[in-house]
Amino acid sequence: MILVYGIIKTNSRQGIVLISVSTLIYICIRSVHNYTNSSNKRKFLFKTFLFALGVTSLLFIGFQYFQNSSYYFRIQTLLSFVKVGVNSASVNFAKIVDYSAYERSQFIIYGIKIWLDNLFFGVGLDNFRVVIKQYWPISNPLYSHNNYIELLSTIGTFGMLAYYSIYYLVIKRLINLLKTH
């Protein structure tokens, strides 16, 4: 609940997507688990249908509130920015519509350039905010707002591979564990 409150107070688009997607994944996994362990599958399906109907009703009501929030405007401006595009002749209009999205797209472009110039080892942890000024002088000294670009530009190809190998090993062990049980 604290996370949801923080996301609402900060108007974080990424936070809303993260909470929504993770909740949906959890509900799907939990439903499959409950269905397989259910003795009366027909009754379970009926209860699931009623639950889905209730959630759909709540989502409909929630969307009415959502349309009156600042989130709705920010998502609309982000979609407008995506439609206009970064490389189009209307890039100045895109900067006005949603400067945040424009700035993030520039961070991606310059972050890739930083990575290509420092391909193997990067520029050092948390140095994106310092190095970005050399590539984009009018930039604020911020992090890249993109984890993949941040990793590539700061710890390079070798560091990124080492970092993601940790995830690979954990997932591989989980899959092997699930196969044995």
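User: Where does His145 lie?

Analyst: In this predicted model, His145 lies in the loop between H7 and H8. Its phi is positive, about 60°, although His145 is not a glycine.

User: Why is His145 called partly exposed?

Analyst: Its relative accessibility is 25%. Buried means under 20% and exposed means over 50%, with partly exposed in between, so His145 counts as partly exposed.

User: What makes Asp126 partly exposed, and where does it lie?

Analyst: Asp126 has a relative accessible area of 44%. The cut-offs are under 20% for buried and over 50% for exposed, therefore Asp126 is partly exposed. Asp126 lies in the loop between helix H6 (99-117) and helix H7 (128-135). Asp126 also has a positive phi of about 60° although it is not a glycine.

User: Why is Ser153 called buried?

Analyst: Ser153 has a relative accessible area of 0%. Buried means under 20%, so Ser153 is buried. The residue lies in helix H8.

User: What makes the approach of Ser153 to Glu150 a polar contact?

Analyst: The side chain of Ser153 reaches the backbone oxygen of Glu150 at 3.4 Å. A polar contact requires a pair of N or O atoms within 3.5 Å, one able to donate a hydrogen and the other to accept it, so the pair at 3.4 Å qualifies.

User: What caps the N-terminal end of H8?

Analyst: Asn146 does, with a side-chain oxygen 3.0 Å from the backbone nitrogen of Tyr148. The limit for a polar contact is 3.5 Å, so the distance of 3.0 Å lies within it.

User: What is the class make-up of the lining of the largest pocket?

Analyst: The lining has 17 nonpolar, 5 polar and no charged residues. About 900 Å³ of space lies in this pocket. Of its 22 lining residues, the closest to the centre are Ile19, Ser20, Thr23, Val55 and Leu59.

User: Which elements give two or more residues to the lining of the largest pocket?

Analyst: They are helix H1 (2-10), helix H2 (13-36) and helix H3 (41-66). H3 gives the most, with 10 residues.

Conventions
Residues numbered from 1 in each chain as written. Predicted model: local features only at pLDDT ≥ 70, side-chain atom pairs only at ≥ 80, totals over all residues. Heavy atoms only, no water. Helix = DSSP H or I, 4+ residues; strand = E, 2+ residues; numbered from the N terminus. 1 Å grid on protein atoms, 1.4 Å probe; cavity = no way out; pocket = protein on both sides within 12 Å on 5 of 7 lines; lining within 4 Å. Points joined across faces, edges and corners; volume = space filled by probe spheres on them. Nonpolar A, V, L, I, M, F, W, Y, C, P; charged D, E, K, R; others polar. Buried < 20%, exposed > 50% of the residue type's maximum accessible area, 1.4 Å probe, protein only.
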